[in-house]
Structure formats: C-alpha cells, structure tokens
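Biologist: Could you walk me through this one? I'd like to go through the sheets and then the ligand.

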Amino acid sequence: MSRPILEVRGLAVTYGGAVEALRGIDLTVERGHVVALLGSNGAGKTTLLRALSGTLRLHRARVDAGTITYDGTDITRAETARTVAAGLVQVPEGRRIFTRLTVEENLRAGGLGTRDRAAREAAHARVLELFPVLAQRRHQRAGLLSGGEQQMLAIGRGLMAGPQLLLLDEPSLGLAPRVIGQIGEVVREIHAQGTSVLLVEQNAAMALGVADEAFVLDVGRVSLAGPAAELAQSDAVQRLYLGHGSEHGAGAPDAAEPARPRRTLSRWTA
Ligand SMILES: Nc1ncnc2c1ncn2[C@@H]1O[C@H](COP(=O)(O)OP(=O)(O)O)[C@@H](O)[C@H]1O
Ligand SMILES: [Mg+2]
C-alpha cells in the first residue's frame, strides 16, 4: 500500500499555554480515502484541523507534543502558505465566504495561491462542473446565495487551491436535511475524482455514509476508530450519534447523557 497522505502521532495542543484541547491524538488518512471525524461540540475537532492547516497560532494555540506528517513530510508547526501549496487545504467552520463579492470573485480568491495558470483554470472548470448552481450564479453577490449554496461556494473555493487532502469543518451545520444529502454527494464526487478528504461532522449519519474510516473525538482524545461501516453499527455510535436507543430521543451529541458509555467498544479504542 502507498504511504498515507496524512499521519498524526501523539498530537497534543494547548490554547494560551494552559487549556489542553487535544492529547495523544493518533489519526491516519490513507491516500484517496474519506475519513470522518466525529464528536460533540467542544471535543477538539476544529482544533485538530487548525493544527493540520498551521493556523493554531492565530488562535493563541500551539502543538505541545507529537508529529503531523503530510505526504511523507513533517509539517508539525509548518506555515499555512507552505501546507496549502503542498495541497493541504482547509474549508473553515462557518463558511466564511466574502458576502459582498460575487461568486466568481470568491472562487478566484481560492486560486490566488496557485501560480500555475493552467492548473488554476482546470480547477475552476472542475468547480463549475461540480456545482452547476455556482455556474448559474457566477456574477451574483455571494451574500444572496442560500445557506447550502454558500457552503457549496466555500467548498468550491477550497477546491480552487487544487487540494490533495481537503479538510472540511462541519459543512452540514445549520442546513436542511435535503441539502445535507447534497453535501454528502459532493464529498463522494470529490473523492471519486481522487482527492482525499478529512470530514469533520456532528452529523454522523451523513459522514459515516460517505467515509471509509471514522474517528470519534471525546474531550480531546480519540475514543473510537475503525471502518466507517463498522462504527455505524456499533452500540456506542448508534446511541450517542445516530439517535437510536437514546433516552432523549433526538440523539443529539449534546444530549445530557453521561459520557461514560462512549468507551465500551474496547476493540476500537485507540
Ligand atoms: N480560541 C480558543 N481559545 C481557547 N480555547 C479554545 C479556543 N478554541 C477552542 N477552544 C477550546 O478547545 C476545546 C476544543 O474546541 P474545538 O476544537 O472548537 O471543538 P469542536 O470543533 O469539536 O467543537 C474546547 O474546550 C474549546 O473551548
Ligand atoms: Mg468545531
């Protein structure tokens, strides 16, 4: 097997030199795979993506221990410009598109770091093909798009940088079920075109439906890891994330249930 596109070993991250957000994180993304990263609010999912994309310092955080290896190169504490140029691209939480610019201008902004003009134009064509709605609305202001369309634009802007590994931070957040299904389809298509994806989600059903492997973060640690299909069948994930057998019915990750039962699946405990 070829070497993994991403290997995280023993990663620890703290905010402000005090608040420990991640401890002993081990996580692998095989080349060409979609990996889901699940976990409740505050579990550390965004922090892990910040560590991967070299943006921790913007949030007064730092890597305290461990290593991040991307495509065989150590990128622990690397500058963002370097990792983006190497094809590690993050689509941040909360979309962060430029609402006063047009759809086209937002997309072009995503390609600014790409010097190769032909590669940039190929990425642009690929994005318009993947998202016909963005092609139709190219000259409209991005602020006029629906929430789902804005998320498509945020993903499209990320694709403009020509990623080898795309990091998506909760793309389904706040979207209607039908639109969440479309986001899942988009992830499938991006994967089918050869891009590896690390998909952070609270929507476990969607994420496990498109992922090859999955990891569950629980208060800064990996509590479960394994093939996505197996995790979807596990009691712990069913109860806590898929809304089956929960006393609270909704199965929301924040349901006021004790966190203890999460570690019952010892075989997958990292
Ligand atoms: N900028 C920050 N400063 C201090 N603590 C933070 C900051 N961002 C996140 N944290 C803390 O780090 C932990 C993980 O947060 P986060 O990575 O945002 O979780 P998730 O994305 O899984 O919801 C939480 O305890 C959160 O309060
Ligand atoms: Mg988050």
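This is a predicted model: local features need pLDDT of at least 70, side-chain atom pairs count only at pLDDT 80 or more; totals for chains, interfaces and linings use all residues.

Biologist: What lies between strand 4 and strand 5?

Modeller: The two strands make a hairpin with 2 residues between them, and Asp71, which is in the turn, has a positive phi of about 50°.

Biologist: And what sheet do these strands belong to, in what order?

Modeller: They belong to an open sheet of 4 strands, ordered 2-1-4-5, in which the pairing is antiparallel. Strand 2 (19-29) and strand 5 are at the edges with a single partner strand each, so one side of each has no neighbour in the sheet.

Biologist: How many bridges join strand 1 to strand 2?

Modeller: There are 7 bridges between strand 1 and strand 2, again in the antiparallel sense, and Val8 stands opposite Leu27 of strand 2. Helix 1 packs on this sheet, where it touches strand 1, strand 2 and strand 4, and the direction of the helix makes about 110° with that of strand 1.

Biologist: What about strand 1 with strand 4, how many bridges there?

Modeller: Strand 1 (residues 6-15) pairs with strand 4 (residues 61-70) over 8 bridges, in the antiparallel sense, and the bridge partner of Tyr15 in strand 4 is Ala61.

Biologist: Switching to the ligand, then: which residues surround ligand 1?

Modeller: Tyr15 is one of them, and the shell also holds Ala21, Ser40, Asn41, Gly42, Ala43, Gly44, Lys45, Thr46, Thr47, Arg50 and His59. By type, the shell residues divide into 3 nonpolar, 7 polar and 2 charged.

Biologist: Which element gives the most to that shell?

Modeller: That is helix 1, which spans residues 45-53 and contributes 4 residues to the shell around ligand 1.

Biologist: So what does Tyr15 do there, and how far is its polar side-chain atom from the nitrogen atom of ligand 1?

Modeller: The distance is 3.4 Å, from a polar side-chain atom of Tyr15 to a nitrogen atom of ligand 1. Asn41 has a polar side-chain atom 3.5 Å from an oxygen atom of the ligand, while for Gly42 a backbone N or O atom lies 2.7 Å from an oxygen atom of ligand 1. Taken alone, ligand 1 exposes 560 Å², of which the protein buries 65%.

Biologist: Back to sheets: what is the strand order in the open sheet of 6 strands?

Modeller: The order is 6-7-8-3-9-10, and the pairing is mixed. Its edge strands are strand 6 (88-91) and strand 10 (221-227), each of which pairs on one side only, and the twist from one strand to the next averages 15°.

Biologist: Do strand 3 and strand 8 run parallel or antiparallel?

Modeller: Strand 3 (residues 34-38) and strand 8 (residues 196-201) run parallel and are joined by 5 bridges, with Val35 opposite Leu198 in strand 8. Helix 1 packs on this sheet as well, touching strand 3, strand 6, strand 7 (165-169), strand 8 and strand 9 (213-218), and its direction makes about 150° with that of strand 7.

Conventions
Residues are numbered from 1 along each chain as its sequence is written. Chains are lettered from A and ligands numbered from 1 in the order in which they are written. Side-chain values use heavy atoms; hydrogens and water are left out. A residue is near a molecule or strand if one of its heavy atoms lies within 4 Å of it. A polar contact is a pair of N or O atoms within 3.5 Å; within protein, one must be able to donate a hydrogen and the other to accept it, and residues adjacent in sequence count only if both atoms are side-chain atoms. Accessible areas come from the Shrake-Rupley method with a 1.4 Å probe; for residues, only the protein chains shown count as cover. Ala, Val, Leu, Ile, Met, Phe, Trp, Tyr, Cys and Pro count as nonpolar, Asp, Glu, Lys and Arg as charged, and the others, Gly among them, as polar. Two strands pair if DSSP finds at least two bridges between them. Axes are lines fitted to C-alpha atoms, for helices over the stretch in contact, and angles run from 0 to 180 degrees between N-to-C directions. Contact means heavy atoms within 4.5 Å.
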